[in-house]
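Below is a short report on one protein chain. It moves from a single residue to the whole fold and then back to selected elements.

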Amino acid sequence: MNKSIFYKIKRENIKTGDLFFTASDSLVSRFIRFFTRSKVSHTGMFVWTKWKNEKRLMCVENVMDGFRTTFSSAYIENCKANGETFYFGGMEEQKIPKEYKILQRVEAYSGRQYDTAGALVSLFRQNQNKNFYCSEFVAKCLDLRKNASEKGFTPDDLAELCVEFNKIV
């Protein structure tokens, strides 16, 4: 099936709180995948929102430039243009908090900067910084928790929570 057709069919079934993952051949992506032993290096979350009186599907993420919201269709096209691999991660319905709770958390955490040092520290223990790296941002928005003695959330940890994991691009 054509990948763009697959996305259009799938799009209507995507819920606020479902996840997306990316991987590329960049040095940073390869470094993250090597140390986390994962096929993905970045994660974010899908959020349905109103834009110009239309319901639009957005990709919400925390990146090195800070918090970012992008139309999902544009995000996927950008991944395709940059040679990145894009995956859809469907979360189990009962594991996703109510949509309004997710949106409240996204708004509350949206001013935080990306935490590069925290991302590195998370390979060994949980991050105690007030800023977030990508998978930590998603985990906080979905209210996912780990024991304090465990390492922080990696993109691969979140991928393992998905009941559905499909390559889109």
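In which helix is E99 found? E99 is found in helix 4. The model is predicted: local features need pLDDT of at least 70, side-chain atom pairs count only at pLDDT 80 or more, and totals for chains, interfaces and linings use all residues. Residues are numbered from 1 along each chain as its sequence is written, and side-chain values use heavy atoms, with hydrogens and water left out.

**E99**

E99 has 39% relative accessibility and counts as partly exposed. Here buried means under 20% relative accessible area, exposed over 50%, and partly exposed in between (1.4 Å probe, protein chains only). Leaving aside neighbours within four places in sequence, E99 is in contact with T16 and W48. Contact means heavy atoms within 4.5 Å. The C-alpha atoms of E99 and L142 are separated by 9.7 Å, and the two residues lie 43 residues apart along the chain.

**Overall fold**

The protein has seven helices and six strands. Both are DSSP runs numbered from the N terminus: helices are H or I with at least four residues, strands E with at least two. From the N terminus on, the order of elements is α-β-α-β-β-β-α-β-α-α-α-α-β.

For 169 residues, a compact globule would have a radius of gyration near 15 Å, and the protein agrees with its 15 Å. This radius is taken over C-alpha atoms, and the globule rule is 2.2 Å times the number of residues to the power 0.38. The C-alpha trace spans about 40 × 35 × 30 Å along its principal axes. Of the 169 residues, 46% are buried. Among contacts with a separation of 6 or more, 62% join residues 24 or more positions apart. The accessible surface comes to about 9,400 Å², and carbon and sulfur atoms account for 50% of this surface. Accessible areas come from the Shrake-Rupley method with a 1.4 Å probe; for residues, only the protein chains shown count as cover.

Six strands form an open sheet in the order 4-3-2-1-5-6, with antiparallel pairing. Strand 4 (66-71) and strand 6 (162-167) stand at the edges with a single partner strand each, so one side of each has no neighbour in the sheet. From one strand to the next the twist averages 30 degrees. Two strands pair if DSSP finds at least two bridges between them.

Strand 1 (residues 19-23) pairs with strand 5 (residues 85-91) over five bridges, in the antiparallel sense. The pairing of strand 1 with strand 2 is also antiparallel, over four bridges.

| Residue | Partner | Partner's strand |
|---|---|---|
| F21 | Y87 | strand 5 |
| T22 | F86 | strand 5 |

Is strand 1 mostly covered or mostly open? Strand 1 is mostly covered, with five of its five residues buried. L19, F21 and A23 are buried on one side, F20 and T22 on the other. In a regular strand the side chains alternate between the two faces of the sheet.

**After strand 1**

S24 sits in the loop between strand 1 and helix 2 (27-36). S24 is buried, at a relative accessible area of 15%. Beyond its neighbours within four places in sequence, S24 is in contact with S29, R30, R33, S41 and E84.

Helix 3 (residues 72-81) has S72, Y75, I76 and C79 as its buried residues. They fall within an arc of 95 degrees seen down the helix axis, so they line one face of helix 3. The arc is that of the directions from the helix axis to the C-beta atoms. Just after helix 3, G83 takes a positive phi of about 75 degrees.

Helix 4 (residues 99-109) lies across strand 2 (42-51), strand 3 (54-63) and strand 4, at about 110 degrees to strand 2. Axes are lines fitted to C-alpha atoms, for helices over the stretch in contact; angles run from 0 to 180 degrees between N-to-C directions. I102, R105, V106 and Y109 are buried in helix 4. These residues line one face of helix 4, because they fall within an arc of 105 degrees seen down its axis. An α-helix has 3.6 residues a turn, so residues three or four places apart point the same way. The buried residues of helix 4 pack against strand 2, strand 3, strand 4 and helix 6 (134-141). The face turned away from this buried side carries the exposed residues E107 and A108.
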